Amino acid sequence: MELPDISRRTFVATTAVAAGGAAVGLGVAAGAQPADALTPAEPLGGSWVRTTCSPNCTGACGIEAWAEDGQVRLVRQAADYPYEHYNPRGCLKGLSFNTIQHGPDRLTTPLIRDEAGNQVEADWDTALDDAAGRLRAIMDKYGPNSVGVIYQVQGTGHIQKGALVRIANTFGWSVIGGYELNGDLPMFWPETFGCQSEELESYCWEDSRLTLIFGSNIMVTRMPDAHFLTYSQEAGGKVIYFDPNYSASAEKADEWVRIAPDSDGAFALAMAKVIIDENLYDAHFMATYTDSPLLINGETGKRILADDVAGLSATPGIPDYRSSFVAFDEAAGALAAVTPLELPDNSFALTGTYDVPLKDGTTVQAKTGFQLLVERLADYTPEAAAEICGIDADDIVRIAREAATVKPMHIIFGGGTQQWYHGDLKGRACALVACLTGNIGQLGGGISTYVGQYKTRFNTASWMVPPDAVKASCPFHYAVNGPTPLMKATYPKDGFKALVVGWGNPLEQHNVANWLREALASNDIECLVCLDFQRTLTVAEATVALPCASWYEKTELTTTPLHPWVQLQQRVVDPPGQAREEIWILTELADRIDPAKEAVWPRFAPEDSEAKADEVLALLLREGGPTINHLTPEMLREGPGKLAHANPGEKRIPFWEQVNERIPFPTVSRPNPLDVTSKFVRSGRIEFYRDEDVFLELDEQLPRYKPPFEDTEYAADPAARELYPLGYTTRNSAFRVHATYVNDPFMLEMQDNTPKVWLNPATAAERNLKNGDWVEVYNSRGTVQGQLVEDPGVYPTQCIFDQGWWSHYDNGTSYNSLIWPWINPTNEVYYLVSVWSPNMAWNETACNVRLCEGGRPQVVTDTGKSILGDGAGAASPIEYGKEA
Amino acid sequence: MRYAMAIDPDRCIGCRTCAVVCKNFNAQPQGIWWNRVFTSGTPEYDVAVKVDDQLRMEFVPISCQHCTNAPCVTACPTQASYVDADTGTVLVDYERCIGCRMCASACPYGVRQYNWGKPAQMAGLDDTVYAYGYPREYRDDGHLVYAPERPEGVMEKCTFCAQLTSQGLDPACCTACPGNARIFGDMDDADSAIRTYLDGADREPFTLGDEYHTEPNVFYLASHEVSQVNPLEDAADEKGA
C-alpha cells in the first residue's frame, strides 16, 4: 500500500466512533485540512508490508513495516483487526524489533566447530553436513530418541517452526514439551476439565463484570490485551487483583488484595466455603456438569462404578475411556447409574451419605463428591484462610459474595500463582469457584490461563506429522532428577545425548540452564544444534549454529489463544547475510541425515523457500479442519482471517457446547483425538474428585491448601528454612519477552542498562542493604547479581529478579541457576506425549540476598548503548529513568 | 486550529510503547527521549510508592506540552523555537538552533533534549550503522523541524510528529498506544477526536504546571483510586516463605 494511506486509517477511526464503543482516539481531527496546517511532508514512496510480530509472548500482533535499502526503517501496528477494540495491537518491544533485526547481534552466518573445538564460520553445505553427520552418529549409537528437541510455542509459527516438529517426528527425536520446560499450562486443566486449557480470548474480558486476577501481571505480560480490562471497568465492571507484590496490574485494578505468597488456594477454598454456606452456589450447574453427585466409596476413596452396584449396570454402549458412575436420584428415591455420554438435567442428590449394596454382597457407605467437598471445606473457614493469607476474614467473605452474585465473573489464573509445586491444587480451587458460581460456558465468565499457550487451534498433522512418523517425547525433568516410580514418559536409555534447539535460548532460559551448560562442557550432551537469528549464549556454545530468518523475512502462519485471528508473517526484506528460512534449513538437514527421506522432504533451492512455504500454507489451511479451512492463502495475504467457532455470536465461548448442547467434557486437546484425553475425565463431567492412588495417598483427592517449600526445599534440605528465608520470584519484564529483546538498545536504555533485584525496604534493612547496592541473590544451587531496588510494594518475604537478562550482561550469573525442576507425582498421572507433563515450579525456590563486590559489568554499559566508535562518549546526560 | 493531545492515565498501563515508538519513529539518538513515562515519586520503573497509607504506581507520560504561552520560545535568542501559527505546535528549526540551551532552562517540564556533540549512531550488522526512523527531512514553511540525522549540537523535542500530522496522520504515540490512552486533535473543532473524548469524560481535564502560566496543549485526566487490602502491613506475619 502506498503512503500516505490516510484513507484506511481514518476509516478505522470513523468506524470506531460509529460503533459507539468506548471512544477510541484514532484518526485525524475532523475538519483539519493538512494543506492549511503544516506543509505536507514528502511522501515516502515504497510500501508498507503487513507481517505478524510473534515471539514467545504469543501475542501475535499485526505489524506493518516500511523498508529501504533492504532494511526495515519504520514499524507500526497494522491496526486492521475487524473488531475495532483490538486496534492497535503491539507493544514497545515489537515496535522496536528493527533494532535487533538489523543489530550487531544478528546471526548471519552458519557456525561450526573446527578441530580445536573453536567456533568458526562455515558455508551452508559444510555446516549442514556437519550437523547431519553428528546427529546421525548419535542416533545410530544411542537411539533416535536420545536427540532432544526444544522448540518455541507452536502457535507462533506453524510452517517454519512446524518444520522442526516435522523433522522430530520424521526421525523419532524426543520432543521436550513446554510444560516442564516453561511450567506453563497449569496441570489443573487436565486434572479438572480433561483438556489442555480453554481460555477467553481477550476481547471477552470487556464483557466481564467482575474479574478476579490471581498472580497474573496482565499490564506487563499482556500489554496488547490489557485495555480490555480497562474497557470492562469503563463499562462498570470491577477488577480485583490478588498478588503479594504491587505491580502495574495492582495499580490498574479497582482493588488490590495483598495476600501471602502461594496462599491463593486457601483464599479460593474459603470463598467456596462462603458461597456454599450462604447458599449462593449454582446447584444446577454442579449437579449437571460436575462430578458433585457421584458417590465415593467411604472405604476405598474410589468412585463407585454402576457395574459394581446390585441392581445397576453401566450405561450401555460406552467407550473404553468412559465410566458409568453412581448417584442417588432424589426423584426416584434410588441409586442410579450416571451416563457419561451426555449431560442431562437430573435430580441427583448433591449431598448426603448412602448405603450402597454391591454385587459382591457387601454394602458400603458412600458420600457424594459434593458432600466430601463440604466436609473438606470445613478446614477453610474465612478465619482459617485469613490466617494463611495474612489478611482479614471479612475481606474474604465480601469478595466471595461479590464473586457469587456479580455475573459474568471471570478468573484469570496466572503464572505467579500456578508456577509452584502445588500450583495444580490452587488451580483446582479456583476452578471450583468458577463452577460454583455457574460462570463456565458464559460470555465473559469462567476461568482462564494466559501463560505458555501451547494450545493448537487447528489440525496441523498434514504438515507436522509426516508419513511413517515416529512420535517420541520425554520431559527434561527426568534428565535432571532421574526417572521416577510414576514416570510414564519413555526416557532415552542413555539420556539426552544431543539437543536440537529452535528459536530458544535454553542455556539462559531453561530452568536448569547451568545443568545444561555443565552437561555440554562435560560432553554428556555431545552435540547442540541451534537455529536462531540472534547470537545468544546457546548459539555461542552450539556445536553447529544455523542462522534463520526473522519474522520480517519469511512467510509463516500464526495463531494465538489471545485473539481469533489467523495471520501471516510476510517477507518485508530478505534475510541478511547467509541467514535462510527454516523450512529450507530443515529440509536440507533431514535429507542429509537420511537421503531416503527425500520423499518426505523434497528438496528445493533456497530461493524457492517462499514458494515452498506458500505450498505448506495452502496445505495447512486446506487440511486444518473446521476451525480454519474456510480461510485461503489469498485471504490471509490481505489481512487477518478469523477462526471459526461453534457458539452463536461474534466471540468464542469456551465450553459452550458442553453447557448448552450437553456434550460431555473434555474439549479436544490437539494434536490428540478426543478419545485419547477423554479418559482423564471418565465421567464426562468436570471432576473435582480425583481417585487415582497417588492423589489418595497425598490426600489431594479434593483441592486443599498445602504450604510452599515444605515438600520441596525444606524436605530436600531442612537447613534451607533458616539459610534461605526468602521466596525467589523471576517475574517477566516489560522490556523483554523472556530472553528476547534483552539486547534491544531502547529497552536497555530504559533500564539504565542494569539488571536489578527488588526487595522490600525492611528486608533490605535486615541485611544492611540499601538502594543502589550491587547484590547477589543466592541459594545452594546458584547465584544471580543485580542492583538493589528498595520497593515497598514487594512482600517482605519475597525477592524479585526480572527474568530474561543474558548472563553476558550480568557478570556471567544466571537467574535460572537457583531454580530446580521439582517433580510433583500427581502431575505424572496426567502425562501425555507432547501435551502434558510435570509442571515447572519456578516460584518454588528459596533464596537469600547479600552484598556483592563489584557492580554491573562494563559490557552491559557499553553493549546497550547505541554508540559507534567515539560517536558520543559524552552523550546527553538526560537518560530515560531520570527525573525530568 | 489548535493541535492538542489528551492523555488518560486511567487507560495508561505504563508500558512505554509511546516512548519507544516516538524514539524509533523520530530517529532519536542514544540518550534522547522526547517522550517518557515516569512513575510519580520515583526515578525507577516497576516500583511502588507510598502515598498516604497506600501503595501506588501512578504513570505519568511526559513530552512537550506545546504551550500556547511557551517559555522556550520566549527564551530562544535566534527564533529557532517557534509556535507554528497554523496549528499551535511548538517546533525547533535545527538550522537556526545554536545550541545555547536557553530553551531547556526555560522549560518547566524538562522535555527538551540536547545533542551534546555529534549524535550517536546505532550499531548495525557487521560494523555498519543502522539507520532507523522516518527517513526524510521535513520542513515547515522552510524551517527544518525534522531530520533523520541530527545536526551536531541542536536541541530537540516532540513535534507532534510534524512529518505525520502534515499528511493528515496522528502523531505516532497516539496511533500506537495499545491502551488508546492518547488522543490527538484540534481543540478548536468541537467534533474532533480530542474534544469528543474530553467532553465525554466524567473527569475534569487538567494541565501540568499551571503556576507557570504556560497554557499547555497537553491535557490530562485524573486517574481512579485503588482500594487496597492490607497494603502496608510490614513483615506480613512472615507467612508463606
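Helices (H or I, at least four residues) and strands (E, at least two) in these legends are DSSP runs, numbered from the N terminus. The model is predicted, and local features need pLDDT of at least 70, side-chain atom pairs count only at pLDDT 80 or more, while totals for chains, interfaces and linings use all residues. Residues are numbered from 1 along each chain as its sequence is written, and chains are lettered from A and ligands numbered from 1 in the order in which they are written.

**View 1. A cis proline sits in a loop of chain A.** Let's start with the loop between strand 3 (71-77) and helix 2 (98-101) of chain A, where A:Pro88 is found. The peptide bond joining A:Asn87 and A:Pro88 is cis, with omega at about -10°. Residues 46-105 of chain A are 7% helix and 35% strand, and their end C-alpha atoms lie 28 Å apart.

**View 2. Helix 4 and helix 22 of chain A run roughly parallel to each other.** The axes of helix 4 (residues 160-171) and helix 22 (residues 582-593) of chain A come within 8 Å and cross at roughly 15°. Axes are lines fitted to C-alpha atoms, for helices over the stretch in contact, and angles run from 0 to 180 degrees between N-to-C directions. Angles under 35 degrees count as roughly parallel, over 145 as roughly antiparallel, 65 to 115 as roughly perpendicular and the rest as oblique. Among the residues of helix 4 of chain A that meet helix 22 of chain A are A:Leu164, A:Ile167 and A:Phe171, and the helix 22 side includes A:Leu586 and A:Leu589. Two residues are in contact if their C-beta atoms, placed from the backbone, lie within 7 Å. By class, this contact of helix 4 with helix 22 of chain A has nine nonpolar, two polar and two charged residues. Here Ala, Val, Leu, Ile, Met, Phe, Trp, Tyr, Cys and Pro count as nonpolar, Asp, Glu, Lys and Arg as charged, and the others, Gly among them, as polar.

**View 3. Helix 10 (residues 264-277) and helix 14 (residues 393-405) of chain A cross at roughly 65°.** Their axes come within 9 Å, and that crossing angle makes helix 10 of chain A roughly perpendicular to helix 14 of chain A. The contact of these two helices of chain A has 11 nonpolar, no polar and one charged residues. A:Lys407 and A:Pro408 are joined by a cis peptide bond, with omega at about -5°.

**View 4. Three strands of chain B form an open sheet with mixed pairing.** The strand order is 14-1-15; two strands pair if DSSP finds at least two bridges between them. Strand 14 (182-186) and strand 15 (218-220) of chain B stand at the edges with a single partner strand each, so one side of each is left without a neighbour in the sheet. Strand 1 (residues 3-7) and strand 15 of chain B pair in the parallel sense over three bridges, with B:Met5 opposite B:Val218. Helix 6 (residues 193-200) of chain B lies across strand 1, strand 14 and strand 15, running at about 120° to strand 14.
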